[in-house]
Amino acid sequence: MTDVKGQATATATPVEKASGGVVATLFRFQSVFGLLAVFVAAIIFSPRRNGEILFLSADNLANVVRAVSEIGIIAVGMTFVILIGGIDLSVGAVLGLAAVGSAVLMVESDWGFLPSVVLVLAIGLVFGALQGMATAMIGIQSFIVTLAGLQIARGLARIWSDGQGVAIAYGDGPNEAPESFAILGERTFGGLVPIPVLIFAVVAIAAVVFLRISAFSRHLYAVGGNEKAARLSGVPVIRVKIAVFAICGLLASLAGIVHAVQLNQGSPNDGIGYELDAIAAVVIGGTSLAGGRGSVAGTIAGALLLGVLNNILALNNIDSNIQLLIKGLVIVAAAALQRLRPAS
């Protein structure tokens, strides 16, 4: 085909269009394909016992999703923050603060289950909102704000617990948590599904639906894509940022409650490094660290991928240092794929 000057112009053939569509689909669902690949590899390399594939045992799969639940809940909130081009390094420390708060309130202060949970969730919500205000209203970069928030949350947790872990025992007597709190750590559906997994599933489904149908979600992508253009278009950028960090803090506190009930304690050192695992899940899930592109569904797949990878490496007794190396390579590969992803 030629233009009016007789020069050749490129026109995509049906085959080129089809191949381009396949490539775009592969990149769009990179986390899902990655999860499937890791899952298949886990089956292949799983140890056997009496002919049974240990990885596929019901107890092991339940342990995988149970281990993923805390990081998954945090990663959902982290997805919201990264979508607007921010970062939250405080989520692991907020988890520790929430775990300590849950233990201290119920064990040492004799609070009931519901008041304790409500207060702990409120603490996370307010903590996140304050960080959002510092970022949106004062203009401090979120990296710096949340790095400071990490230190503040750790300090508050150590002050609240006198620098020690608080063990959680259940019963009706003094220094015992209500039995109703223990329910959050049990299993349902015939003992197959841990309740923390159900909590993670509810959070994930709610977030996916929210990003698909709410007007607020369009504001998230607009702010992350081009903040200046979003502001000129009438998007309430400051409110969006504050709300996003508040949501992230709330979910970090929820993960802290789940953490406390699973470990039967609250320690000021809980959650160390969790922020890195959450960010890794988001990146593996295909969300751009520059903001404006990504999904919660991808993050869920990314969190599950990390969970399966951790599990199969542990089942094969791989040295912990080698495990860190492999996880790091997976994260770099996911980031590299983002760079190669065609513009949409």
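**A helix pair and its surroundings**

Author: Helix α4 (residues 91–108) packs against α5 at an angle of about 155 degrees, and their axes lie 9 Å apart. That makes the two helices roughly antiparallel; the term applies to angles over 145 degrees, with under 35 roughly parallel, 65 to 115 roughly perpendicular and the rest oblique. Axes are lines fitted to C-alpha atoms, for helices over the stretch in contact, and angles run from 0 to 180 degrees between N-to-C directions. The model is predicted: local features need pLDDT of at least 70 and side-chain atom pairs 80 or more, while totals for chains, interfaces and linings use all residues. Numbering starts from 1 along each chain as its sequence is written, and side-chain values use heavy atoms, without hydrogens or water. Helices (H or I, at least four residues) and strands (E, at least two) are DSSP runs, numbered from the N terminus.

The crossing of α4 and α5 is right-handed, meaning the near helix is turned clockwise from the far one by less than a right angle. On the α4 side, V94, L97, A98, G101, S102, L105 and M106 take part. They meet F113, S116, L119, V120, I123, G124 and F127 of α5. Contact means heavy atoms within 4.5 Å.

F181 links to this pair. Beyond four places in sequence, F181 touches S102, M106 and F113, as well as I168, Y170, I257, A260 and V261. In the largest nonpolar core, of 85 residues, F181 joins I73, V76 and F80 in touching the most other members. Such a core is a set of buried Ala, Val, Leu, Ile, Met, Phe, Trp, Tyr and Cys residues joined through side-chain atoms within 4.5 Å. Buried is under 20% relative accessible area, exposed over 50%, partly exposed in between (1.4 Å probe, protein chains only).

Further along α5 (residues 113–138) sits T135. T135 is buried because its relative accessibility is 10%. Leaving out residues up to four places away in sequence, its contacts are I140, S142, V145 and F245.

Now α8 (residues 195–213). Its 19 residues should span 27 Å at 1.5 Å a residue, and its end C-alpha atoms are 27 Å apart, so the two agree. The expected span is 1.5 Å times one less than the number of residues. Its buried residues include I199, F200 and V203. Their cover includes α3 (58–83), α11 (237–263) and α13 (296–315).

Helix α13 holds L305. L305 is buried, at 4% relative accessible area. Its C-alpha lies 8.3 Å from that of L36, 269 residues apart along the chain.
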